[in-house]
Amino acid sequence: MGGPQAADVLTTVKQDQRAREGLNPMEGEELSEFRQPILDKYETEGSPYYSTARLWDDGIIDPRDTRDVLGLCLAAARNAPLPDDRFGVFRM
């Protein structure tokens, strides 16, 4: 879901909440002030650099280095010892 879709969903939820409370729906400037922080947050936190800077992933691979990194990963997986477990497939 992108920023505009998230802002639309949260706006709908807020409008429904206001209707239940007997308040007038948001319009104009009030509606814009409600939506803008949501759009700004999605714009900022949607960047891959945002998550990488917080170590939420293993980093960003330069597209020119993709083959080298993939080769290293496959080599590490090939040389890793296999555990001697005797259980089947767990379905969740």
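**Questions on a predicted model**

Student: In what order do the elements of the protein chain run from the N terminus on?
Tutor: The protein chain has four helices and zero strands, taken as DSSP runs numbered from the N terminus (helices H or I, at least four residues; strands E, at least two). The order of elements is α-α-α-α.

Student: What share of the 92 residues in the protein chain is buried?
Tutor: Buried means under 20% relative accessible area, exposed over 50%, and partly exposed in between (1.4 Å probe, protein chains only). Over the protein chain, the buried share is 12%.

Student: How far apart are the end C-alpha atoms of helix 2?
Tutor: Helix 2 covers residues 28-45, 18 residues in number, so at 1.5 Å a residue it should span 26 Å; the expected span is 1.5 Å times one less than the number of residues. Helix 4, with 14 residues, reaches 20 Å from first C-alpha to last, close to the 20 Å expected. For helix 2 the end-to-end distance agrees with expectation, at 26 Å.

Student: At which residue of helix 2 does the kink lie?
Tutor: The kink is about 25°, the bend being the angle between axes fitted to the seven residues ending at a residue and the seven starting there.

Student: How far apart are the closest N and O atoms of Arg18 and Glu30?
Tutor: This pair forms a salt bridge, meaning a side-chain nitrogen of Lys or Arg within 4 Å of a carboxyl oxygen of Asp or Glu. Arg18 lies in helix 1 and Glu30 in helix 2, so the pair ties together parts that are twelve residues apart in sequence. Arg18 counts as buried at 15% relative accessibility, whereas Glu30 is partly exposed at 36%. The closest N and O atoms are separated by 3.2 Å.

Student: What is the N to O distance between Lys41 and Glu45?
Tutor: Both residues lie in helix 2, four residues apart, about one turn of the helix. An α-helix has 3.6 residues a turn, so residues three or four places apart point the same way. Lys41 is partly exposed at 49%, and Glu45 is partly exposed at 34%. Their side chains meet in a salt bridge with an N to O distance of 3.7 Å.

Student: How many salt bridges does a search of the whole structure find?
Tutor: One of them joins Arg64 and Asp62, 2.6 Å from N to O. Arg64 is exposed, at 71% relative accessibility, while Asp62 is partly exposed at 29%. The count for the whole structure is four.

Student: What is the area of the nonpolar surface patch that includes Val9?
Tutor: Val9 is in helix 1 (residues 3-20) and is partly exposed at 43%. A patch takes residues with over 30% relative accessible area and no salt bridge, joining nonpolar side chains (Val, Leu, Ile, Met, Phe, Trp, Tyr) within 5 Å and like charges within 9 Å; areas come from the Shrake-Rupley method with a 1.4 Å probe. Met1, Val9, Val13 and Tyr42 make this patch, and its area is about 410 Å².

Student: What value is the phi of Leu55 near?
Tutor: Leu55 sits in the loop between helix 3 (48-53) and helix 4 (66-79) and is exposed at 71%. Most residues other than glycine have a negative phi. In Leu55 phi is positive, near 60°.

Note on methods. Residues are numbered from 1 along each chain as its sequence is written. This is a predicted model: local features need pLDDT of at least 70, side-chain atom pairs count only at pLDDT 80 or more; totals for chains, interfaces and linings use all residues. Side-chain values use heavy atoms; hydrogens and water are left out.
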